[in-house]
Amino acid sequence: MSINQGTNANLIEEIGPEGIQSQEMLLNMGPQHPSTHGVLRLVLKLEGETVVDCTPVIGYLHRGIEKILENRPVMGGIRYMDNADYLSPLLNEIAYAGAVEQLMGIEAPRRAQYIRLLTGEMQRIASHLVAVGTYLVDLGAFTPVLWTFRDREGILSLFEALGGSRFNVNYLRVGGVLHDFPRGWLKACETYFDQFEKNMVELEGLITGNEIFESRTQGVGYIDPPQAIAYGLTGPMLRASGVNWDLRVNRPYMAYREVPVNVQVRQEGDCYARYKVRVQEIWESIRLCRVAMDKMPGGSIGTRTPIALRPPRGETYFAIESSKGELGVYFISDGSEYPWRAKLRGPSFVNLQILPELLRGHKMSDVVAIIGSLDIVLGEVDR
Amino acid sequence: MYFSIVLGDDIWSQLGGYIFSWQFLQFLVAFVSFFGFVMTSALLLILAERKVMGWMQDRLGPIHTGPQGLLQTVADAVKLLLKEDVHAAKSDKALFIFAPSVFLAPIIAAFAVIPLSPYVGLPGITIATGIVYYVAMSSIDVIGVIMAGWGSNNKYSLMGGLRSAAQMISYELPLVLALVVVVMLTSALAGTAGYPGNAGIGTIAISQIQEFQSVNIWPFKGVPFFDFVFEGFTPWAWFVLVQPLMLVIYYTCGLAETNRAPFDLPEAESELVAGYLTEYSGLRWAIFFLGEYGNMTIVAAITTYLFLGGWSGPGVVYLLGLGSPGWGLLGNLLAVAYFISKVYLLCFVFIWIRSTLPRLRADQLMQFAWLILIPLTLFNILLTGIIFLVINSLGLGSWTSFVFLVVTAIFNWAMLFVFIRIVGRTTLSTTRRAQAPAIRAQPKAITALPAPERTGIAGGQ
C-alpha cells in the first residue's frame, strides 16, 4: 500500500454507510531494525497503531551450525556451538560437551563440574545483563545498557584470562575443561563480584522503581501458565508466568546435584515479571558463583579421553538450563569421529513462537517492549 | 504601475534611509548575535549532551577531535554539510524539501522576544504580547514535522509525524495554561506596593514579567555590599517559589514540545527507526537537529524569564544604576552571563532527564496530558483566582499582595508534593485500566496441562 498516491477522491469513496473506515497498514519491521534484536523480520498488520496480526519471518542469520557440527570431529564442534547463542557461548558448550559425555558414559571430575558451574553462572549473568540493558534501550532509556555492558565487560575479561578469548571462549572439553584457572583468577572473580553487587544495586535503583518503566511493562504481554506450558516456553519466560520449572533443580546435572538453586518465579506473567525474573536470577547466579568458589574442590580438571574421540553408536538427549531456557542437544553417533546428527533445541527458537499471540491487540510501542522481554538471540533461532 | 510611480521615490528613499540608519545597524548586530547565539548554543548543547551523558553513563564521550573532544560537533557539522542530500524517489518533493525550514524558522523567530540582558535584544523584546508571540511560534513547528512525516512517503515517518502532531498539540494546552497562571500573578500584583504597572493590569511582555520578580526588600538595605548584591536580584520574589507546580508542568510540557526524552515518541529510535527523520540525511537532517536544540534553549529561556528571574543576578542593576557606559557594559555582560547560565542549568536538567528515564507510550502520553496536566493547570488557575478574590476582599491594605503570594505559594507547594506523590500511581492505574481489554482479549487457558514429565537418559540422571 502506498501512502502518498491516494487522492482526495479515493479517500472519500471509502466512506461507507458505517462511517469512515480506516485501512489496515502492512508494516515491514526488520530485518534491519534497531530493536528486533538481530535480524528478526516482523510483518505487522496495523490498524492505526494497534497490531492486528504479526508474522515473524526468521532465517536471516542461518549459518547451518547443525550441519557444520556433522562435518567436524566431536571436539572441534565445541567451538561452533559458541556461535549458536552468541550471548551465552559457554552454556552452549556445556550442553554439547554434556551430551557427548552422556553418550560416552563418562563424567567430568568434580573440579571440572564446579568450574563449569562457576563459568556457566557467570555466562548467565552476562547474558541476562545484555537482556536487561537492551530491553531498556527498547523502552527508550539509554543509560542502563551502558552500565550493564560495563559489568559484562568484567565477566568477559575474566573469560579472556581463562580461555584466551573474550567472546567465543572455547573452554569446554569433552570430559572436562581446557585449562585450570590462571593464578589469582578466583580472587579476581571475588573482587569483580564485590563491585558488581554494588553496580546491580545502582542499576536496580535506576530501573525497578521507575513509574514509566512500570507503566510500560506491567500488564503488557501477559502469558498465563497453561498457555506458557502449551507453547513450550522455558527459562525466565516460563518462570515469569508462575511455573516453577528449572532444569537445574528439576533435572539436576553436573554440579547442580550438589549445589541447590533457588528458582526465581514471578506470578504476574507480564513483561515486568520477565524483567524481574532476570534480575533476580542475576542475584541468584552471583550467590551460586560464590558458593562454587567456596566449595571449589581440588583434583584434576578432565578425564582422559582419546584424541580422536569416537562416541559409541547411539543417541542421547541432554538438556541444560541455559540463560534463555532449556538448551538441549540431541546427539546421534554412528560410532565414527563425526557426529551423525547434532540437533539443538534452542530456547530462543521455541520462545519466539508465542510472539504473534502476544502482539495481537497491543500498540506499536508495545511491540518492541514485548520482543525485548522475550530475550531472543537470532543466532540461536536461525542457527 | 501607478503605485510604483507615485510611491517609488518615497519607498526608495525610505528604504535607503533605513538601511543606512543606526537602527538598522543595531538591528543587524542584534540579529547576527542572536542567530549566532542560537547556532552556538545548539552546538554547545550537542557537545554538552554527549559529554554529560557520557559522564552519567560511565564512559568518556567524544575525546579525540580537538582538545578533550571539544571540536566534535564542529567536525560533525562539517561532515553533515558535505554529505550527499538523498531524496527518496517517490517522496513529495516540495514538502520534503521545505519541512526543515518550516521547522527551524519559527524556533529562531521565537527568540525575537527574548532579551539577553537589559539592553541586548532584538527589537522584538518591546512587543507587549511576548508570551502570545512565543506560544504562536512554538506551535508552528508541528507543521514542519507533519510535512516531514508525510513528505517522506515512509510508513515510519508517517507514524512519527502523526504521533508528533497529536503530542505537540496536546501538550500545547497545559503549556499555555501554565503560563496563564504567571500572567494572573502579574495582574494580581500590578500596581500594588513595590510592583510596577497599573492596578489590575498585568502584562504578557516577557521583560516586564521579569520586573515583577524583583522587589524592593532585601536584608541590610543600605549597606553597600548588600545593595550591590540584592538590588534587582531577589530570589525570594521569583515566581518559582509562588508557583513551583507550574514550573514543573511547564517544563514537562517543554520536554514534550521539544520531543525530548521521555516524550521522544515521534523519533523513537527503537520503535520507528528515526520517526519523521528516517528519510532525512545531511544538511536537512542537521537543520532538524539544530531546531530541536534551539527549541530546548528557548523553552529553558522562557522558563528562566517566567519563573527564575531572567537575567537578574548580583550586581546587574547596581552597575547599571551607576550611569557610566563602562559600568553599564559590565552590568550587561554580567546579565548575559547570568541569563545564559540559568538557561544552561535548565538544559542540563533536560540532558539529565534524557539519560535517566525510559520513553512513554503514545496513549500514556495522551492520558498524561489530558487526564492529569490539563485538569491540574485549570484547577490551579481557578484556585489562584479564588485566593486572589478572597484575600482582596479581606481588606488587608498594603499587606494584600504579600499575603496573596504566601497563600498561593503554600497551596501550590502542597499541590506539587501531592502531584509528585500521586502522579506515578495515577499513571500506573490509568494505564492498567487502559490495558485491561488487551489482557482480557488474550485467549483463555487452552487446557491446564501438567508439567511435562520427561523420560529417557536426561531425565533419569
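Helix 7 (residues 155-189) of chain B packs against helix 15 (residues 362-393) of chain B at an angle of about 15°, with the axes 10 Å apart. Axes are lines fitted to C-alpha atoms, for helices over the stretch in contact, and angles run from 0 to 180 degrees between N-to-C directions. Helix 7 of chain B and helix 15 of chain B are therefore roughly parallel (angles under 35 degrees). Helices (H or I, at least four residues) and strands (E, at least two) are DSSP runs, numbered from the N terminus.

This is a predicted model: local features need pLDDT of at least 70, side-chain atom pairs count only at pLDDT 80 or more, and totals for chains, interfaces and linings use all residues. Residues are numbered from 1 along each chain as its sequence is written, while chains are lettered from A and ligands numbered from 1 in the order written.

Next comes a sheet region of chain A. Strand 7 (residues 326-333) of chain A is mostly covered, with 6 of its 8 residues buried (20 or more other C-beta atoms within 10 Å of a residue's own, C-beta atoms being placed from the backbone). Two strands pair if DSSP finds at least two bridges between them. The pairings of strand 7 of chain A are these:

| Partner of strand 7 of chain A | Sense | Bridges |
|---|---|---|
| Strand 6 (residues 314-321) of chain A | antiparallel | 8 bridges |
| Strand 8 (residues 339-345) of chain A | antiparallel | 6 bridges |

A319(A) has G328(A) as its bridge partner in strand 7 of chain A. Y330(A) has K343(A) as its bridge partner in strand 8 of chain A.

Note on methods: Angles under 35 degrees count as roughly parallel, over 145 as roughly antiparallel, 65 to 115 as roughly perpendicular and the rest as oblique. A residue is buried if 20 or more other C-beta atoms lie within 10 Å of its own, exposed if 12 or fewer, and partly exposed in between; C-beta atoms are placed from the backbone.
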